[in-house]
Structures are given as structure tokens and as C-alpha cells.
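Thank you for sending the model for comment. Please read the points that follow with the coordinates open beside them.

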Amino acid sequence: MAVYFQEDKKIFHLDTKNTTYLIGMTPEGYIGHIYYGRRLYQEADSYLLRTAEAPFTPSVNKREKLSFLDSFPMEYPTGGIGDYRESCLNVRNPKGQMGSELLYLSHEIYPGKKKLEGLPASFGAEEEVETLEITLEDKILGLQAVLSWSVFEKEDMIARSVRIVNQGKDALKLEKVYSACLDMDNEDYEMINLCGSWARERHIQRAPLRYGKQAVSSFRGESSHQEHPFMALVSPGTDQQQGQVYAMHFVYSGNFLAQAELTQYDSVRMVMGIHTEEFCWNLLPGESFQAPEVILTYSGQGLGMMSRNFHDFYRDHMIRSIYNHKKRPILINNWEATYFDFDTEKLLQIAREAKKCGIEMLVMDDGWFGRRNVDDNSLGDWTVNEEKIKGGLKYLVDQVNEIGLAFGIWFEPEMVSPDSDLYRAHPDWAIQIEGREAAMGRNQYVLDLSRRDVVDYVYEAVAKILRSANICYVKWDMNRLLSDLGSSFLDAEHQKELSHRYVLGLYELQERLVTEFPELLLENCSSGGARFDPGMLYYSPQIWCSDDTDAIERLLIQEGTGFIYPLSTMGAHVSDCPNHILGRVTPFETRGHIALAGTFGYELDITKIPQEQRQMICEQTKMYHAYNDLVREGDYYRIASYRENHKYDVWAVASKDKQEVLVTYVQVLAEPNKHSRKLRLQGFDPDASYRLTGTEQVYSGEMLMYAGFLIECMKGDFVSRLYHFEKIQAEDKCL
Ligand code: DGJ
């Protein structure tokens with residue numbers, strides 16, 4: 001039993017394999033946080049709630065209620081009544097006054113987990129997850145908050161969310177509804193987050209907590225290149241194998257805030273939710289508002305365990321696609337090969353050459369529709385440009401299929417070009433402020449997905465193309481941020497709902513898509529990796545990591561992405577050199593080894609590259625088939641980080657049964673008079689022996705992990721090597 005209520009002390013126990021989370025209650029019904037950390041096996045005591053020491057609880061010491069509210073470890077703090085730390089819920093009454101106070105009303109514990117209406121969320125069968133729902137109430141407002149904790153015992157994960165219900169007679173304004181709060185004592189925590197920019201997404205950043213608030217956020221309308229809806233607090237000295245880690249990740253693709261606040265009493269409040277900038281939800285009597293989910297995990301064994309917890313959890317309880325656990329076709333995408341300059345014949349030439357090298361799918365990127373030869377027109381006009389795609393789309397797809405490749409296509413469904421038939425017919429479908437010229441991004445506007453007619457149009461436009469030919473894959477792109485937040489559909493009262501309604505519209509579109517085309521392989525993308533988040537993973541099993549395909553920059557991007565996300569989700573391709581963004585030249589082999597740690601594919605003009613590189617593609621596609629099962633399904637171990645040492649990068653993937661381990665070593669910088677490097681590997685069975693594939697060398701797992709493995713340094717920068725170890729069966733050993 002993962003969840004139980006200790007009636008005498010009024011304490012809720014949430015147990016997973018290695019962790020315990022305890023929630024307490026004061027006599028008045030305030031719900032407080034007692035503990036989160038390593039698994040506890042005994043009954044708990046409410047003294048940990050600290051209600052027995054000054055400032056006491058309000059029923060005992062009414063004159064100091066403010067002090068109580070500002071120091072009590074709240075599970076879900078409200079704003080306006082005296083808790084001056086960051087609140088999770090701000091409600092304004094019809095008189096325009098802001099304040100709410102939530103006290104216990106009831107609770108329910110049930111097997112399984114309910115769906116979150118209109119939102120992506122984790123899922124699990126009744127035997128895999130158990131849910132605690134505590135209903136809190138503000139009698140004066142007639143408002144209820146249903147807090148839920150879904151406990152995934154095996155995975156050490158807790159999924160938290162909140163539903164706000166208006167049970168009263170008056171319309172209320174929800175000015176802030178965050179999804180989770182964690183109030184803990186500070187233990188000199190450091191904060192880890194992911195940050196970056198276009199073409200350098202999700203770099204890992206770490207710094208000690210200071211007094212006050214430290215936040216990462218986005219109000220760009222998407223989870224963003226710049227900051228990521230993730231935050232971890234770690235004890236000092238935490239590394240891959242040891243230390244305490246508290247991590248939160250937001251299952252949402254729009255505006256967010258993730259914040260840690262170190263308070264005057266040396267407590268830390270972590271909160272996560274939809275950003276309050278441009279958010280306000282009108283809640284009429286009888287209505288409810290569902291806040292998105294936060295995934296919470298604790299690891300007492302460092303960052304490596306945190307990563308593996310997230311990987312397993314997302315693979316088993318977030319990604320729904322039938323491709324989740326399947327090998328994906330090796331694709332070749334024509335974007336970096338041709339940009340907008342292609343036609344049927346060019347694509348068929350690429351397909352023919354690709355087939356010879358073992359590539360399995362051709363993806364036609366931007367530029368196949370309307371009059372699109374540059375990026376300033378036609379978004380929204382999803383009709384095939386038959387001047388380029390001579391013979392039509394079906395002809396092209398059939399020809400590609402005949403060559404022996406599957407076919408995939410690019411869309412950017414959420415956008416409209418000012419120079420498009422769609423915009424000329426429906427200028428009011430674009431998000432814009434009346435009387436003000438909206439700012440363009442990449443020459444385009446954003447469609448108002450809060451409108452049903454727009455969502456229906458967009459869906460039909462995409463679906464019609466997919467119904468017209470044998471299309472197996474869609475790359476769903478999104479190339480600008482939201483600005484000029486005005487909707488011609490929403491009235492003044494509801495304008496601040498636009499950003500969230502936009503995300504709900506997006507989710508509805510993708511839900512309809514995967515329902516009508518369950519066998520479609522969907523890859524999300526946003527100017528590279530600006531919308532790489534668990535919300536999108538619910539719809540697509542893979543997301544394009546970054547427009548930056550340079551192998552060395554990818555080390556940083558993929559380290560940060562793999563810090564939370566399974567390698568099977570990371571869109572990674574081998575591209576041409578000099579790299580189109582950085583101008584860097586790296587060996588073809590290294591580019592292959594680094595792309596192997598993701599979905600794997602190509603993004604180059606295969607008809608133009610030298611013959612020896614084509615030969616290498618033949619070898620790399622074989623390499624993909626040899627190792628993808630392991631990379632996709634295995635346990636990921638970060639051995640060394642180029643981000644930290646500035647010289648080399650090493651990671652390993654071990655099969656769950658520890659039968660095989662693949663180690664990737666990338667030497668970024670050659671060093672004089674350095675002949676070898678001894679590295680302690682991870683992921684092996686210490687009691688087993690392993691053979692290094694392709695050699696007769698045998699190593700003990702224990703030695704590899706604790707004494708180390710000797711890697712010979714190579715000549716040159718940017719060079720890499722794979723080391724594949726196979727467990728020796730007992731009989732082999734005797735021989
Ligand atoms: C941005 C994407 O990240 C690229 O891969 C490519 O699809 C372009 N958009 C096309 O416009």
C-alpha cells in the first residue's frame with residue numbers, strides 16, 4: 001500500500017520503494033508538509049509540524065496568527081492573508097479583494113489515477129499507482145481546492161496537481177494557481193536548472209541558494225529555449241552517485257514559473273506552476289479549473305538516480321505513442337540539405353541515395369506548400385505547391401515508398417503568414433491587440449487557438465494532407481513566441497486566459513491527431529528545442545532537441561536534455577560540415593556516435609557528400625540497429641562531463657539486466673603528453689565479467705566500476721570511440 005492515513009496523528013504517508021512523503025494536519029485543518037526523503041518504515045509524529053512551539057497554531061494563539069501563517073510549512077499556501085512567502089493560490093472575490101484560506105474538508109485514497117481534463121498527464125494502471133486526494137475548503141468564498149498526489153511506488157515518483165472548484169454563488173477570479181509546493185528546512189541546498197538560448201538549449205546550471213527568491217520562468221507562450229520548467233535542489237557535494245536531490249518537473253508547454261525561496265527561518269519553499277504574467281482565470285459558480293501536473297522525485301543517491309527515475313517514469317507513464325518502446329525508422333530530413341530549394345526530383349534523388357545506405361524514411365521539411373520558397377509567406381495555406389512537388393504529394397510519397405523508404409512531412413500548424421490566403425480571409429484569427437500592429441517573428445503571426453473555429457480549421461488542414469497519402473511521420477514545428485496577447489474571440493474579462501487557452505488548444509489539436517492517426521510517428525519541434533517538455537512527450541515520443549546539429553555543442557545540449565529525458569526522446573541527426581550554425585568541422589564518425597545517443601537520423605544532402613562518407617552512413621545505420629534497443633531502453637549513466645572538465649565527455653547505457661553496456665567517449669580537446677585516461681565506469685554487474693566486443697579482453701564489472709577502465713587518448717580534437725561490453729555467461733568463463 002503506497003498511501004495510508006495514520007488516523008491518530010492525522011498524518012498521510014506516501015511511500016515509494018525508496019522514499020517517504022509525509023503530510024500532516026493542524027487541529028484547525030491547515031495541511032502541512034512534514035517530511036520528504038529516504039524511505040521511513042515507522043509511524044510518524046506530528047511534532048514535526050512544529051505547531052507545539054511558538055508561534056503555535058491560531059486556535060491556541062490567535063494574536064499571532066500572522067507569525068503562524070508566515071512560518072508554517074504549507075502543502076498549498078494561499079495569498080493575501082499573511083503568508084508572505086510565495087503563495088500558490090491567489091483568489092479575488094467579486095468585490096475585487098484578494099485572500100483565501102484553505103482548511104481540510106475531506107480526503108480520499110484510491111487505486112489508479114484520474115485523467116486531467118484537457119491536459120497531458122502521467123498515467124498508470126490501478127496496480128501501478130495510488131492516489132491521495134485531499135479536499136480543502138474556503139467557506140467564505142465557497143471555494144474548494146482538491147489537491148492530489150499520485151504515488152508511483154516502483155518508480156519513486158509522485159505526480160501532484162490541483163483542481164479549484166467554485167462551489168459558491170459568486171464569480172471568482174483566480175489570479176494565480178500553481179500546481180505544487182514543497183516547504184522544507186534548508187540544508188545548504190544548491191539549485192540546478194537548465195538554461196540556454198536558440199541553438200544551445202538546456203545547458204545545466206548550478207548555484208547555491210541565497211536568501212530570497214531564485215526563479216526560472218517563461219512567459220514567452222511556450223516552455224522556451226531560454227529556461228526549462230525543471231528545478232532541483234541538491235545537498236552540497238551531490239554528484240552523479242551520491243547526495244540528496246529534490247526535483248520537480250512541470251507537465252506543461254506554456255508559461256511557467258519554478259522558484260526556490262530561502263526564507264528568514266532558513267526554510268525553503270519550492271513552487272511550480274503556470275506563470276502569473278498574463279494569467280487570470282474567471283471561475284463561475286459550478287465551474288472548476290484544473291492546474292497542470294508536477295512530477296516530483298527524491299533521490300538519496302545523487303543525480304544519476306534522479307535521471308534514471310525520470311527516464312523510466314516518462315517511458316512507462318508519460319509517453320503514449322506506439323513508438324515509445326519501438327525502434328524508430330532512421331530518417332533523412334531535407335532541411336539542412338536543401339532548405340527551401342527542392343522539388344520532387346531532388347527529394348527522389350536523396351531518397352535513392354539514402355536507401356543505398358540503409359536509411360529508412362525521407363522527411364520533407366518546410367517549403368512544400370502554398371508559394372513557399374522563402375519564409376515570408378504561405379503558413380496557414382496547407383495546400384501542396386505543385387510547381388515544386390510536381391505530380392502532387394501522393395505521387396511523391398508513392399515514389400518514395402517504391403524506392404523503399406517511408407515518408408514523413410513537416411507542418412507548422414499554429415502559425416499564419418501575413419502573406420497567405422488564410423490571413424487575407426481571416427485577419428482576426430491571428431493573436432493581436434486591436435489597433436496595434438502585432439510584432440512579427442520569422443515573418444509570421446500566431447493563430448488564436450483559443451478559438452474553436454481556428455482549432456477546427458487547423459486540424460482539418462493537417463488531417464486532410466495526412467489522409468491524402470501514405471504519410472508515416474509528422475514534424476510539428478512552432479517557430480515564434482507569443483506576443484501582442486489579444487484575442488478577437490475573448491471578451492475583456494477573459495483576455496488574460498488567452499495564453500493558457502492557447503496551450504489547451506494546442507493539446508486538443510495534438511490529441512485529435514494522435515487519436516485519428518494512432519500509428520503516426522509524431523516529432524514535436526519549436527525552432528529546435530523550445531518546446532521540449534513532458535507535456536509534448538504525452539503526444540509525441542520524440543522531440544527535436546535543437547537546430548544546432550554541431551556534434552560538440554550537442555554534447556552540452558544532450559547532456560542537459562538527458563539529465564531528465566530518456567535518450568529515446570531526443571531528436572538527433574548527423575549533419576554536414578562545416579556545421580551550418582557554428583562553422584565547426586568534426587569527424588563524421590563523431591557526429592554519428594553523438595547522434596546515436598538520440599533518435600538518430602541524417603540532415604544533409606546525401607547526393608553531394610563524398611563517397612567515403614556515404615560508406616560511413618552504411619556502417620552507421622548498422623551501428624544504429626546494433627545498439628538502438630540498448631540506447632532506447634537502457635539505464636543511462638553520466639560518467640564524465642565536458643561541461644565540467646572542458647576536455648572530454650563520457651556516458652554509458654546499460655541494459656536493465658546488465659548483460660551489455662555501451663560506453664561513448666568523446667575527446668573534445670587533445671592534450672600533449674597525455675596517453676591514457678582512467679575512468680571509473682558505471683552500470684555493470686560487479687560480480688560479472690564482461691568482454692569488450694571485438695576483442696578478447698575480459699574485465700570484471702567490479703574493476704571497471706571501482707578501479708577503472710583505461711581509455712587510450714587519441715590524436716586530434718573532437719574524436720570519439722564506442723566501447724561495447726557484453727557479459728560473459730558462466731559457461732564461457734570456464735572455457
Ligand atoms: C525550425 C526547425 O527547428 C528546423 O528543423 C526546420 O524545420 C525549420 N524550422 C523549418 O522552417
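This is a predicted model: local features need pLDDT of at least 70, side-chain atom pairs count only at pLDDT 80 or more; totals for chains, interfaces and linings use all residues.

1. A nitrogen atom of the ligand lies 2.7 Å from a polar side-chain atom of aspartate 477, while aspartate 547 places a polar side-chain atom 2.4 Å from a ligand oxygen atom. Glycine 528 takes part through its backbone, with a polar atom 2.9 Å from an oxygen atom of the ligand. Of the 290 Å² of accessible area that the ligand has on its own, the protein covers 97%.

2. An open sheet is formed by 9 strands with parallel pairing, in the order β29-β28-β27-β26-β23-β22-β21-β31-β30. Strands β29 (570-571) and β30 (574-575) stand at the edges with a single partner strand each, and therefore one side of each has no neighbour in the sheet.

3. Within that sheet, strand β21 (residues 331-333) runs parallel to strand β22 (residues 361-364), and 3 bridges join the two. Isoleucine 332 has leucine 362 in β22 as its bridge partner.

4. Helix α8 (residues 498-516) has 19 residues, which at 1.5 Å a residue should span 27 Å, and the distance of 27 Å between its end C-alpha atoms agrees with this. Its buried residues include Leu498, Tyr502, Val503, Leu506, Leu509 and Leu513, and also His500 and Gln510.

Key. Residues are numbered from 1 along each chain as its sequence is written. Side-chain values use heavy atoms; hydrogens and water are left out. Helices (H or I, at least four residues) and strands (E, at least two) are DSSP runs, numbered from the N terminus. The expected span of a helix is 1.5 Å times one less than its number of residues. Buried means under 20% relative accessible area, exposed over 50%, partly exposed in between (1.4 Å probe, protein chains only). A polar contact is a pair of N or O atoms within 3.5 Å; within protein, one must be able to donate a hydrogen and the other to accept it, and residues adjacent in sequence count only if both atoms are side-chain atoms. Accessible areas come from the Shrake-Rupley method with a 1.4 Å probe; for residues, only the protein chains shown count as cover. Two strands pair if DSSP finds at least two bridges between them.
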